[in-house]
Amino acid sequence: MDGRTICIELFFSCAFTILLPAGSGTIFGVPLRPEMEYNKEKETWKGQMNHVHKLIGTRWARERNLTGKGIGVAVLDTGVFPHADFARRLLGFQDMLNGKRFPYDDNSHGTHVTGVLGGSGEASGGLYEGVAPGCGLIGVKVLDYKGNGSVTNLLRGLKWVRAHKEEYGIRIV
C-alpha cells in the first residue's frame, strides 16, 4: 500500500424473495435469518436490500455523505437495463456479444448486480438503495441471456474498460 490506497473486503448476501410452505423455518435445512420477514397472508419470506447495509456497515459512509459520486463502476455481466434507479448515472454501455448500442439486459442478473452496487432507491422510496447510490455506472455485456460467457468476451470487455477508464472515470470493476 502506498498510503493513498484503501483496500476493503466486503462479504454480504444479496436481497431476495422466496416462497416457502407456511410455518417453514429453514431453506434446504439452513435456518432462516431473523432479519427476514414472514407474510402469513401470502405465505412468503422476504429479505430486503436494506439488510445488506447493516451487514456491511454503510452507515459510516452515509454519515459522511460518501455515496460514490465521481467514481465510475464498470459491471461486466449480462448487461444492464436503464432502470429508474440508475437515472442519468448510466454513463456508458458496451455489448461484447451482439454489438447493440443501447443498454439492455436479457437475463436481469447484470441489472440486479448494478442495483446492489449503485441503485439510488428512487423506485422504492429509498428502501432498496445500493451501496454507492451516487456512483457512475458503466455496463459491459459479456454474458449471454443464460448467464454464460467466454474468456474471450470477458477479456474483450476488460480491454474495453481499460481503454475507456479515463472517459468514464472508471476506478472499480
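Is R64 buried, partly exposed or exposed? R64 is partly exposed, its relative accessible area being 43%, where buried means under 20%, exposed over 50% and partly exposed in between (1.4 Å probe, protein chains only). The model is a predicted one, in which local features need pLDDT of at least 70 and side-chain atom pairs count only at pLDDT 80 or more, while totals for chains, interfaces and linings use all residues. Residues are numbered from 1 along each chain as its sequence is written, and side-chain values use heavy atoms, with hydrogens and water left out.

Three salt bridges are found in the structure, a salt bridge being a side-chain nitrogen of Lys or Arg within 4 Å of a carboxyl oxygen of Asp or Glu.

| Pair | N to O distance |
|---|---|
| R62 and E129 | 3.1 Å |
| E63 and R64 | 3.6 Å |
| K141 and D106 | 2.7 Å |

The salt bridge between R62 and E129 ties together parts that are 67 residues apart in sequence, because R62 belongs to helix α2 (residues 59–63) and E129 to the loop between α3 (109–118) and β8 (136–141); helices (H or I, at least four residues) and strands (E, at least two) are DSSP runs, numbered from the N terminus. R62 is partly exposed at 25% relative accessible area, and E129 is likewise partly exposed at 22%.

In the pair that E63 makes with R64, E63 counts as exposed, with 56% relative accessibility.

K141 and D106 form a salt bridge that links distant parts of the chain, with K141 in strand β8 and D106 in the loop between β7 (90–95) and α3, 35 residues apart. K141 counts as buried at 0% relative accessibility, whereas D106 is partly exposed at 35%.
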